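I opened this entry to look up what packs inside the chain and what sits on its surface. Notes follow in the order I checked them.

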Amino acid sequence: MRHIHTTKLDALLAVALTAALEIELWLSSNQPHHKLGFAILGPLMTGAIALRRRFPLGVPTAAMLLVLPLPSSSLATWGAAWMIDMYALPAWTRGRRFWVGFCVFQTTGWASLLWANSVRGAALFMIVATIVVVLIRFVVGDRDRRLWIAERERDVAAREAVVEERARIARELHDAIAHSVSMMVIQAGAERRVVEPGSTREVLMTIERIGRDALTEMRRLVGMLRSDAAGPLAPQPGLGDLSTLVSQVREAGLPVTLHVEGEQRELPVGIELSAYRIVQEALTNALKHAGDARADVRVRYGADLLELEIVDDGAGFESRAPGGHGLVGMRERVALYGGRLDTGRAVDGGFTVRALLPIR
């Protein structure tokens, strides 16, 4: 959109300079022998301004070639158009393309001295123009380097955020799954102690042994993500805890309503945890950015899908959409189960988060 806007400005500038050049030419008495040449070549020089962003090498080259047959001019609009055309060379060409254009600039520029009425004045002009071109290229190149470094830093930060969120999800799933496995092992062990010796006792011993081995391996695996993976285990929140979460957010200052649709049932622990965290992150973002607003949370149980929709009606900030760590975490949780996440500003204002989690 910005490129289209600047292109239109270049076109308007080209039209204005073309008209100004023709007016200045026919009102001036300084170019009696070249009026026809300027009248023909002038619109080419000024009209090229409209194309300079699209052809940043071709336009300056054409501008230098146009100067050759008319090396000396006191027309202000001719000189202004030439400089505007030449600006495209250091500003919007990169690498070899710049140096090719620079060589053309130098060759044609110094060759035009042979046709100039004042060699000393033309040489001084070329020296100054060369310095200006080099300085512009240096400034633009430094700006490009800063933009490149900033972009690299953003990419690194984004990758680190993804890694951090995945580690956090893994830790939470570890706690949730390990808690369930621990309860299974404890129950199997307790049952083994009260049953009579036989096949059932052997099965329970096998379940207990496999469960303990699984816990050991799980702690070893998650130990690569955090040093306290073997710490005390606690059950992670699920969809049944959403009412408590909504109450906490209300107390923090954001009016929230919770709607549950469909047949409520127990879902896999990972789905329950991910759904809870998605709602939690969405409400936290709304609390931070929505301002004076309300929020609605809808949980829909489908046959093979769990749908979450969190909508607020606040003014908010567009910076929510590109995503802080909260949105990164939502995307990673949804991707873990092959689901879908849609976020963005609603047509009538506010912000919407919609997640679909397969529960087959």
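I started at L306. Leaving aside neighbours within four places in sequence, L306 is in contact (heavy atoms within 4.5 Å) with L239, L267, I271, A275, V299, R300, Y301, A355, L356, L357 and I359.

I noted the ground rules. The model is predicted, so local features need pLDDT of at least 70 and side-chain atom pairs pLDDT 80 or more, while totals for chains, interfaces and linings use all residues. Residues are numbered from 1 along each chain as its sequence is written, and side-chain values use heavy atoms, without hydrogens and water.

Next, the cores. I took a nonpolar core as buried Ala, Val, Leu, Ile, Met, Phe, Trp, Tyr and Cys residues joined through side-chain atoms within 4.5 Å; buried is under 20% relative accessible area with a 1.4 Å probe, protein chains only. The largest has 32 residues, and L283, L306 and L308 touch the most other members. Helix α9 supplies the largest share of this core, 8 residues. Another core lies apart, with 25 residues, including F38 and W78.

Then I127. I found I127 in helix α6.

Last, whole-chain numbers. I counted 10 helices and 5 strands. Buried residues are 39% of the 360 in the chain.

Technical notes
Helices (H or I, at least four residues) and strands (E, at least two) are DSSP runs, numbered from the N terminus. Buried means under 20% relative accessible area, exposed over 50%, partly exposed in between (1.4 Å probe, protein chains only).
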